[in-house]
Amino acid sequence: MWTICRKELADHFSSTRFLILFCLILMVALVSTYLAAASVREALEGTSKPSQVFLLLFTTPFSEKFFSVAQFIAFFGPLLGIIMGFDAINRERQHRTLAKLVSQPIFRDAVINGKFLAGAFTISIALLSLLLLLSGIGLMAVGVVPGQEEIGRLVLYLIISIAYVSFWMGLAILFSILFRSLATSALASVALWIVFSFFIGFASDLVAGAFAPVKNPRDPEEIVANHRLAGAISLASPAVLYSQATSTILDPYRRTRNSLVLTGPMERMSLERFQNPLPLDQSILVVWPYLTFLAALTLICFGLSYTIFMRQEIRSV
Amino acid sequence: MPAIIQSENLSRRYGRQTAVDSLSLEIFDREIFGFLGPNGAGKTTTILMLLGLTEPTAGCAHVLGFDPAHEPLQIKRQVGYLPENVGFYDDLTGRENLRYMARLNRLPDDKAQPRIESALGIVGLNGEGDKLVGAYSRGMRQRLGIAELLIKDPKLLILDEPTLGLDPDGTNRMLDLIVSLSRERGITVMLSSHQLEQVQRICTRVGIMIKGKLVALGTVEELAKRKPGDETKPNLEEIYMRYFKET
């Protein structure tokens, strides 16, 4: 297994498509951190006791029209996973090396385990280096040293991101087992990625509009029902799960998973008065269900690929 | 003589279709066994079952004394299998491909190095070892395939169509290589092929498989006696066609 893992790692790091995508992500992330740093610095002037500034680097969009770094990674992380997984098995089939590989004295699952492990390892290295680089730039640009808790949040963010990108890689590997052609499996994964990250929002709004329509825009109950349904449907997408989980982790002021909370005027006043950041463990508690769900999805994906691959016939056709 | 491969009523069905129908076969030490039959006769399925890559639906087999359904790793450690149209990692050199196979066989690098060199020498690819496999000719690829098998120092070679698509010169080199491996290193060889003339030239015994059934087994002379024709010299091609027309 380690032999296969080692070879796949070498393949990943020397493959042009990985380098291109990584450089692209790196470049955009660098630019947006830098701009975010500038706007954070501006906002900090005049504030007497800033807290948890460091995380703002990752969550502040540098202009109204663009994403923050975290959103950017949520969009393009899946692509990183997909390019590492989509041809894992069917490339070996196409080059007729699979029959040879499984006739070596290794267990058949070593092939798929090795590939998954190598992919996860590459993802970890890529994301870790990205995060370290961005933190370094942030340190220089803002001049605020992150506290223990902020570092904890970043580490957690890193772990969730690795799991999330690994999920997409697992999905791509699954398609590479199911489809013989490289183009089909690549297109299938990309199609799913687009549906889950872009169209799920429209789809959930549509469905919510159909089943819990807002007839009277002043009726709070109807609005809440509509939002709840839309939210529940969009949670079917791992992309939504991920972005909600990470935004809660990165933003200590978020204390709920809901995007819309109804409050009375007095309630709002008291909330504003006690606008303190949540401690890390409370933030984790808020998104715990999302995290378990995300981990479960990754495991299911890998388990499915594993079973299908173990049962598949090794005909060299 | 001890049997290297032994199978009893080995069968494999895919749904209602029977790919291999109760095959009983023995292949002995140091034989070059020719496994013949038309496309889709079940030769490759038989080979995959012998290696433990496909499970038989009925019957059992023993390869080098191990049961492929239960101890595939023991078999794969000592048996070199060259699939039909074998593929390589085209972005690696010949030597790197061999090194990867050596690692998969758990050979430490310092032990593998001399074996890689000697295997390249045997198949006559010393000079080409550092070229990318993508630039190899078909004949070179087939010979590199044999070199990969030699890395694990096999007792048995199973070659699926080793001469398919080779030019006459490449075919001759391949056949000479197989014969010398069998004579000089005492390796048992089982090869499947369509090219009957070549099979007759190098094989000690042949088996003919048609529609999943082994219809003939023996030396070319024996088979000629069993199906007498009008010729004086036994010719495998005619014997084969006679069996083929019968079924």
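Of the 317 residues in chain A, 36% are buried, where a residue is buried if 20 or more other C-beta atoms lie within 10 Å of its own, exposed if 12 or fewer, and partly exposed in between, with C-beta atoms placed from the backbone. The structure is a predicted model, in which local features need pLDDT of at least 70 and side-chain atom pairs count only at pLDDT 80 or more, while totals for chains, interfaces and linings use all residues. Residues are numbered from 1 along each chain as its sequence is written, and chains are lettered from A and ligands numbered from 1 in the order in which they are written.

Confidence is a friendly place to start. For chain A the mean pLDDT (the predictor's confidence in each residue, from 0 to 100) is 83, and 87% of the residues reach 70 or more. Within this chain the highest confidence belongs to helix 8 (residues 148-178), at a mean of 91, and the lowest to helix 12 (residues 265-273), at 68. Where pLDDT is low, the predicted coordinates should not be read in detail.

Chain A contains 13 helices and 0 strands; here helices (H or I, at least four residues) and strands (E, at least two) are DSSP runs, numbered from the N terminus. Among the contacts in chain A with a separation of 6 or more, 82% join residues 24 or more positions apart; two residues are in contact if their C-beta atoms, placed from the backbone, lie within 7 Å.

Helix 1 of chain A (residues 2-14) holds A:I4, which counts as buried because 22 C-beta neighbours lie inside 10 Å. Leaving aside neighbours within four places in sequence, A:I4 is in contact with A:A110, A:V111, A:G114 and A:K115. The C-alpha atom of A:I4 is also separated by 9.5 Å from that of A:L117, 113 residues apart along the chain.

Helix 11 of chain A (residues 238-250) has 13 residues and spans 18 Å from its first C-alpha to its last, close to the 18 Å expected at 1.5 Å a residue; the expected span is 1.5 Å times one less than the number of residues. This helix is mostly covered, with 11 of its 13 residues buried. Among the buried residues of helix 11 are A:P238, A:Y242, A:Q244 and A:L250. Their packing partners in chain A are helix 3 (53-59), helix 4 (69-85), helix 8, helix 9 (182-211), helix 10 (220-234) and helix 13 (280-311).

Contacts between the chains involve 15 residues of chain A and 21 residues of chain B. On the side of chain A that touches chain B, helix 1 and helix 6 (98-102) each supply at least two residues, and helix 6 gives the most, with 3 residues. That side comprises 5 nonpolar, 6 polar and 4 charged residues. In this grouping, Ala, Val, Leu, Ile, Met, Phe, Trp, Tyr, Cys and Pro count as nonpolar, Asp, Glu, Lys and Arg as charged, and the others, Gly among them, as polar.

Chain B brings strands into the picture. An open sheet of 3 strands has the order 2-1-4, with antiparallel pairing; two strands pair if DSSP finds at least two bridges between them. Its edge strands are strand 2 (17-28) and strand 4 (58-63), each pairing on one side only. Neighbouring strands of this sheet are turned by 15° against each other on average, direction ignored; axes are lines fitted to C-alpha atoms, for helices over the stretch in contact, and angles run from 0 to 180 degrees between N-to-C directions. Strand 1 (residues 3-14) of chain B pairs with strand 2 in the antiparallel sense over 8 bridges. Across this pairing, B:Q6 stands opposite B:E26 and B:R12 stands opposite B:V20. The hairpin of these strands has 2 residues between them, and B:G15 takes a positive phi near 65° there.

A second open sheet in chain B has 6 strands in the order 5-6-7-3-8-9, with mixed pairing. Strand 5 (79-82) and strand 9 (213-218) stand at the edges with a single partner strand each, so one side of each is left without a neighbour in the sheet. The twist averages 15° from one strand to the next. Strand 5 and strand 6 (residues 156-160) of chain B run parallel and are joined by 4 bridges, with B:G80 opposite B:L157. Helix 1 (residues 43-50) of chain B packs on this sheet, touching strand 3 (32-36), strand 6, strand 7 (188-193) and strand 8 (205-210), and its direction makes about 150° with that of strand 6. Helix 9 (residues 236-246) of chain B also packs on the sheet, touching strand 3, strand 8 and strand 9, and its direction makes about 30° with that of strand 8.
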